[in-house]
Amino acid sequence: MARVGYGLSSFSLAGGRCGMTSDGLQALHDEIRGCAICAAELPLGPRPVVQVGNTAKVLIIGQAPGRKVHESGVPWNDQSGQRLRRWLGIAAEDFYDNGKIALVPMGFCYPGVAPRGGDLPPRPICAPTWHRRLFDAMPDIELTVLVGLYAQRAYLTGAGRLGANVAAFADHLPRLCPLPHPSWRVVGWMRRNPWFERDVLPALRARVAVCLGRK
Ligand code: SF4
């Protein structure tokens, strides 16, 4: 189905999950919080920001924390997060319920600013180091939302350009849904691609509602 292509070995998003006790997942989360693999490359130092829960139904794989998220330690605690919640059709209360939603970016720490502006890419060692163990510990995931090209290149079979990936959303649902990154830059993209609001968002909201037991 979908596989990692972000630098290291491939594995499926769809199978082989063994589950884990909440204590085991907490121990893994604590291990991640102590990770300093990229310390020498991170301008503000390591501060992994993830949200995981062993009964989570929806997994959101984003890019990497921005500076504001790094400072707060709260994932998607910015305007991009507000837009993402509108897209998903859920309130912050549900979004931050780790029994429902898991928030696992491609890189867990703020990577710093690129020379030409914008944030640097997620640290490439992060996903291959941690994702498999985390995903194995969350056996109830019914929908994985791939936010942005980094997640799509990692987990979407045949991933190409962003617009084509998102336009093919119906081929990937109900298990996967590719999305653009919901930063301010997406506003112009949405104007040029009205099918996104018309077709993709209603299908996404309906699927999220089913996963969260609302339909
Ligand atoms: S980006 Fe990932 S691998 Fe690198 S220090 Fe942070 S948690 Fe560790």
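Residues are numbered from 1 along each chain as its sequence is written. Because the model is predicted, local features are reported only where pLDDT is at least 70 and side-chain atom pairs only at pLDDT 80 or more, whereas totals for chains, interfaces and linings use all residues.

The protein contains 10 helices and four strands, where helices (H or I, at least four residues) and strands (E, at least two) are DSSP runs numbered from the N terminus. Along the sequence these elements follow the pattern α-β-α-α-α-β-α-β-α-α-α-β-α-α. The radius of gyration of the protein is 16 Å, close to the 17 Å that the globule rule gives for 215 residues, so the protein is as compact as a globular protein of that length; the radius is taken over C-alpha atoms, and the rule is 2.2 Å times the number of residues to the power 0.38. Along the principal axes, the C-alpha atoms fill a box of roughly 45 × 45 × 35 Å. Of the 215 residues, 39% are buried, a residue being buried if 20 or more other C-beta atoms, placed from the backbone, lie within 10 Å of its own, exposed if 12 or fewer do, and partly exposed in between. Among contacts with a separation of 6 or more, 72% link residues 24 or more positions apart, contact requiring C-beta atoms, placed from the backbone, within 7 Å.

The four strands form an open sheet in the order β2-β1-β3-β4, with parallel pairing; two strands are taken to pair if DSSP finds at least two bridges between them. Strands β2 and β4 (176-179) stand at the edges, each with a single partner strand, so one side of each is left without a neighbour in the sheet. Neighbouring strands are turned by 15 degrees against each other on average, direction ignored, with axes fitted to C-alpha atoms, for helices over the stretch in contact, and angles running from 0 to 180 degrees between N-to-C directions. Helix α10 (residues 195-211) packs on the sheet, where it touches β1, β3 and β4, and its direction makes about 140 degrees with that of β3.

Strand β1 (residues 58-61) pairs with β2 (residues 101-103) over three bridges and with β3 (residues 143-147) over four.

Most residues other than glycine have a negative phi, and most peptide bonds are trans. A cis peptide bond, with omega of about 10 degrees, joins L173 and P174, and P174 lies in the loop between α8 (169-172) and β4. W76, although not a glycine, has a positive phi of about 55 degrees; W76 is found in the loop between α2 (67-72) and α3 (79-88), and counts as buried with 26 C-beta neighbours inside 10 Å.

The ligand is surrounded by 14 residues, the closest being C35, C38, F108, C109 and C126, where a residue is near a molecule if its C-beta atom, placed from the backbone, lies within 6 Å of it. This shell divides into 11 nonpolar, two polar and one charged residue, with Ala, Val, Leu, Ile, Met, Phe, Trp, Tyr, Cys and Pro counted as nonpolar, Asp, Glu, Lys and Arg as charged, and the others, Gly among them, as polar.

Notes: Contact = placed C-beta atoms within 7 Å.
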